[in-house]
Amino acid sequence: MAQQNIPNNQGDTDIGALSFERAIEELESIVKRLEDGKVPLEESVAIYERGEALKRRCEDLLRQAEARVQKITLDAGGNPTGTEPLDVE
Amino acid sequence: MSTLLITHPACLDHLTPHGHPERPDRLRAIERALEAEKFQTLARVQAPRAELDVIALCHPLDYIESIREATPGEGIVHLDADTSVSAGSFEAALRAAGGAVFAVDEVFGKRAANAFVATRPPGHHAETARAMGFCLFDNAAIAARYAQKRYGIARAAVIDFDVHHGNGSQDIFWADDGVMYLSTHQMPLYPGTGALGETGEYDTVVNAPLRPGDGGEAFRAAFETRILPRMRDFAPELIVISAGFDAHMRDPLANLNLVEADFAWATQKIMDVADRCAEGRIVSLLEGGYDLEALAKSSAAHVNALMHG
């Protein structure tokens, strides 16, 4: 029956390995399916919950990317001297 | 006058596939909960069959016949991914609609103060000519339309606190200025309808979507700020409740976090409106609720409120 096709918690473990592009692509497709009302009632909540997990994955990847972005520091003459963490706030 | 409980054993014979959440045990759980001592004063009666021309107030006769014809001699036939019929389904659907109509007669005849109809299949997703979301005929819509026709009332309200939006009821009453349809529900979730901006042809559709994770506080705020004021202003002469208990925190098909006390509170608030403009007339119909323990406790809290205010 339909429930066998529902991504369950075990199925969500693959999300941790998804690239940002793949995660956002699947998330967009889930949002569209939910908005279009094309998801069966029984599957609706499981699909929403997978969407939440994908959203968390995208947020994690963005945070990691932010942490990697660093600001190049310059000396008085405008020459690069090194890097320091970018203040993303 | 007492509160009336309407059921029928035929509603146990609407069978769904193994593991399906909308299952006969739901009614058994409610019946067991209402066997408790404090419910002994409930008047109990079996639901009659609805006449086909009464169901036809909301659904074309050829659609009604198509459901009858789809009903198999044995086994289960799927109508869509969620919705199916077994040998007993048409009879169960007639009793579910019939219980709703009978409840209308009883409250207008002043033989009952109000009524709870614990039957299945549920109704609020059934569109005019389309079965969906476990639903075959829209029992709440049929009850409201029947009251308009039989008792000549100018205004009825259908308040739907099932966690899913009642797309069928909204569709049926979209261009009817005599019936206000009001709903709290989770969004996003099945069936995808129920946005704030969906207000009907005559501004008589009132949607109050809630976010996944919302609990009693957000639910009560939606009632206080949106549902109750609009319902009071409309001054319905009958209130039909689409009583789904799947917004409960234990329910497996949604992500809201209501508890039994929230359903009792909502019931009392609806009763206040009914007392003010409808001589207390309330017909409450079971819709969803798929965790048996939550369903039993929530429906008991709902019925207890109907009995005692």
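Leaving aside neighbours within four places in sequence, Ala97(B) is in contact (C-beta atoms, placed from the backbone, within 7 Å) with Ala50(B), Ile55(B), Phe137(B), Asn139(B) and Ile142(B). This is a predicted model, in which local features need pLDDT of at least 70, side-chain atom pairs count only at pLDDT 80 or more, and totals for chains, interfaces and linings use all residues. Residues are numbered from 1 along each chain as its sequence is written, while chains are lettered from A and ligands numbered from 1 in the order in which they are written.

Ala97(B) belongs to helix H4 (residues 89–108) of chain B; helices (H or I, at least four residues) and strands (E, at least two) are DSSP runs, numbered from the N terminus. Ala97(B) counts as buried because it has 36 C-beta neighbours inside 10 Å, the cut-offs being 20 or more for buried, 12 or fewer for exposed, and partly exposed in between. Ile55(B) is 42 residues from Ala97(B) in sequence, yet 7.2 Å away in space, C-alpha to C-alpha.

Chain B also holds an open sheet of 8 strands in the order E2-E1-E5-E10-E9-E6-E7-E8, with parallel pairing; two strands pair if DSSP finds at least two bridges between them. Within it, E5 (residues 114–117) and E10 (residues 282–286) pair over 4 bridges, and Val117(B) stands opposite Leu285(B) in E10(B).

| Helix | Strands | Angle |
|---|---|---|
| H8(B) | E6, E9, E10 of chain B | about 165° to E9(B) |
| H9(B) | E1, E5, E9, E10 of chain B | about 165° with E5(B) |

Technical notes:
Contact = placed C-beta atoms within 7 Å. Axes fitted to C-alpha atoms, helices over the stretch in contact; angles between N-to-C directions.
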